[in-house]
Structures are given as C-alpha cells and as structure tokens.
Amino acid sequence: MRSLVGPLAPLVLTVGLAGALSACADSGEDAPSASPAADTTLASSSVDTGSAGSAGGGVAVGDGPEQPARGTVEVVRTLPHDSRLFTQGLQVVGDRIYESTGHFGRSEVQHRPLEGEGPVVSVPMAPDEFGEGLAVTDDTVWTLTWKNGVAHNRDPETLEVRSEARYPGEGWGLCYDGERLVMSDGSDRLTFRDPVTFEETGTVPVTAGGAPVPRLNELECADGTVLANVWMTDDVVRIDPASGHVTAVYDASALGQPRTSDQDAVLNGIAALPDSENVLLTGKLWDTVYEVRLVD
C-alpha cells in the first residue's frame, strides 16, 4: 500500500442523485447457479450494474410524511487502499482497521494500522466461502458468509475462527452498536442479534418516505444510528434502528472517480472513526479510502 496522503482542503461533492435504478433482470446474472465457480461475480459482491464502474441509480424515496434529508459528502483527506481487495466489511477500532473481502477462493479477513503499510494479520476463508460483512465487539470479530449461512466468531488479534453460528438466508452487512449486532441480508430488513450467541433478537423493516429500501448492504453503527450502503447505488443512508425510518440519504457518487472499467468496482465499505463525527468510505477494488463528513 502507498503511504498516507496528507490532509486535503475540504472538497464538497454535490453530484445530484441519479434516477431510479433500471431493472437488472436482462443481465442474466440475477439467478445464481449452484456452483461456487459460477457465482464469483454475484451477490452483494457484484452484478452487472448497467454502466462500467458506476453503481447505477439512487435510493427510491416514497411520498410519505417521514421524508429523509438529502445530503452530500465532504472529503477531509484520503488514505491508500489496496485495489486488489474486494471490500465487504470495514471497521476502525482504535488505530486499527479491520476489513473483510469477498470472492470464492479469495475471501479473507485482515487487520492493519489505520495509517500503516499493509496487513499485520490476514486470514483466508475457506475456498467455498464468499466473505461478507464484519463487526468487532468487545472480544470478538464476527464475519459473515454470503450463502453458507455461517457466521464466524474470530479472535480479534489472530483472526482465527474460534466457533461458528448458523443463520437462515444470506449474509450481507454487519455492525455492532455496543449492545447488539445489526445484520443485513440484501432485503429491506435489518435483523438484530445477540453479540455473544448470534441468536436473533428482533427485526425492523427499513423505509424511506414510506417506501421499502431493499439491497441494504454494508453497515456501520454510529451514534445510535445505522449507516448503510445500498448496493448498486452510490447512496449511503442513515437509519433510525428503532423505527426503521431512513432519516438521511447521502450522495457519494463523486467518490472514487474516475471509476475503473471493472463493473464490480462499486461503493462498499463504511467505518466510523473513533472520537470523530467523520466516517471512512471506500469501494470494492478501489485504491483510495476517503475520510468524509456527512453533510445534511
């Protein structure tokens, strides 16, 4: 990885929200096969988004009374990111950053110094596991798998698996709010789980202006809210976990530009910075992590 790029003058990125996302049924990639080898470009990991290197349209908001604020992101500084990483989960703990990545045969979990030169520890997942979200609790790193229905309880230092927990459906995003885990599965619903046993303790549907918000993906618990990347968009939404209402939609489409020709290089990766209101945002296969302010 490259050395840290120094602080930049704040740059307000105000690209307007795009129109509604066009259907992807014609891509032929929305019906995964049973073979892991055939699935290596599917899931919250990737799909044909309809334009090279672009995440497509924005979050659809209904006309109900609970209207979210419309926001932007303001870049504070940039950090280097290994462009080979297919980012799925991201979290900062102290001066350390944890990251989980996807793809069958290439999924891994690592931690490294926030402003360092590469991973201190990197542990591969099994060849048949497609890595997804990650959350660090008081004494555990939990990692998800896309289709295996398995969450791994890992040692925070060595990242070796200590135990496993099962869950139904798919695993996408995960975060820890200090009391419970919050999980997404690609739907418009968040699931709450016990941070020790991984048992389900509740769910909440997520809506924006009364309209369901599907494809909730990477999650970050921050200051009593849940930030979520909405897969196949460049939007980050702020969710009230008590009601499921989206209270703000932040357009991050100007980050990572110009995007590579790889259609998988989409926004994915949110990490709150300790003792700060700023967050880190990055994407799959991006060479940059952006420290940003979320501006309502």
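Guide: The torsion about the S-S bond of C175 and C221 is about 60°, so this disulfide is right-handed. Bear in mind that the model is predicted.

Visitor: How far apart are the sulfur atoms of C175 and C221?
Guide: They are 2.1 Å apart.

Visitor: Are C175 and C221 buried or exposed?
Guide: Both C175 and C221 are buried.

Visitor: And how many disulfides are there?
Guide: The count is 1.

Visitor: Change of topic. Where does E99 lie?
Guide: E99 is in strand β4, which covers residues 96–101. Its relative accessibility is 0%, so E99 counts as buried, the cut-off being under 20%.

Visitor: What polar contacts does the E99 side chain make?
Guide: One is with the side chain of T87, at 2.6 Å. Another, at 2.9 Å, is with the side chain of R112.

Visitor: What else is E99 in contact with?
Guide: Beyond its neighbours within four places in sequence, the contacts of E99 include H81, L85, G89, L90, E108 and L134.

Visitor: Now the whole protein. How many helices and strands?
Guide: The protein has 0 helices and 23 strands. Of its 296 residues, 55% are buried.

Visitor: What share of the contacts with a separation of 6 or more is between residues 24 or more positions apart?
Guide: That share is 56%.

Technical notes: Residues are numbered from 1 along each chain as its sequence is written. This is a predicted model: local features need pLDDT of at least 70, side-chain atom pairs count only at pLDDT 80 or more; totals for chains, interfaces and linings use all residues. Side-chain values use heavy atoms; hydrogens and water are left out. Helices (H or I, at least four residues) and strands (E, at least two) are DSSP runs, numbered from the N terminus. Buried means under 20% relative accessible area, exposed over 50%, partly exposed in between (1.4 Å probe, protein chains only). A polar contact is a pair of N or O atoms within 3.5 Å; within protein, one must be able to donate a hydrogen and the other to accept it, and residues adjacent in sequence count only if both atoms are side-chain atoms. Contact means heavy atoms within 4.5 Å. A disulfide is a pair of cysteine sulfur atoms within 2.5 Å.
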